[in-house]
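Q: I have a model open here and would like to go through its packing with you. Could we start with the contacts of one residue and move on from there?

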Amino acid sequence: MHFLDRIVKFLEKWGILILLFIATLILLCLLYFHRDLTLNTFKFFLNEKEGAFLTIAGIFIGIYFAIFSFFIGIKPDSVMADLDDEDILTLVKYLRQSFVGSFVYIFLTLLNFPFLTGVFKICFHFILFVSLLYMLLSALKVGIYMYITFKADVANLKDNVESAREESFKLQRMLNLFEDFLEEEKRKERESRNERIRNNNSD
């Protein structure tokens, strides 16, 4: 089990870079052996589908901002409060990497000038395609990590809600009983005071 944990940790740290390295080698091989096919693939993903991927990148950035804001306003009774420091720091690191990846992709698309031709255009499209892969893989990494982290809590969400309702009901009953007790003590105190006043008047 310890060996499996080490593999998981290794993949968490280097998984995306390994996949990007493999993808880079594949793209280089395709450029060398099937240049036209590779350039047409670049054209499809980076030109024809550019608007769709820019929209996705913007959505990712909005989601990451929302999660960061949620971190700032963590409440003591929330699920996030039950996470240990390592899980929180790991999630923040993945969110930061994903945010940077989405922002870099958007920034690079702004540099996709029409006057780039020849080798410069191929190199730029190569870099842009790799940044697109990084953006998508880092978002997938965040999603998988959040799913694994919150899986048990989501599965037990109904039970947790019911338990919280029962605790709230018990607390409300205790408060009501305490209020009734105070009212009863006040009533007894008033009756005792009135009794003393009547006794004094009779004397």
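Q: Leaving aside neighbours within four places in sequence, which residues is Y105 in contact with?
A: Y105 is in contact with E50, F53, L54, A57, L128, S131, L132 and M135, where contact means heavy atoms within 4.5 Å. This is a predicted model, in which local features need pLDDT of at least 70 and side-chain atom pairs count only at pLDDT 80 or more, while totals for chains, interfaces and linings use all residues. Residues are numbered from 1 along each chain as its sequence is written, and side-chain values use heavy atoms, with hydrogens and water left out.

Q: Which residues touch the most other members of the largest nonpolar core?
A: F42, L95 and Y105 do, in a core of 28 residues; such a core is a set of buried Ala, Val, Leu, Ile, Met, Phe, Trp, Tyr and Cys residues joined through side-chain atoms within 4.5 Å, and buried means under 20% relative accessible area, with exposed over 50% and partly exposed in between (1.4 Å probe, protein chains only).

Q: And which element gives the most to this core?
A: That is α5, with 11 residues; helices are DSSP runs of H or I, at least four residues long, numbered from the N terminus.

Q: Switching topic, how many disulfides are there?
A: The count comes to 0, taking a disulfide as a pair of cysteine sulfur atoms within 2.5 Å. C29 counts as partly exposed, at 43% relative accessibility, and C123 counts as partly exposed at 42%.

Definitions and conventions
Helices (H or I, at least four residues) and strands (E, at least two) are DSSP runs, numbered from the N terminus.
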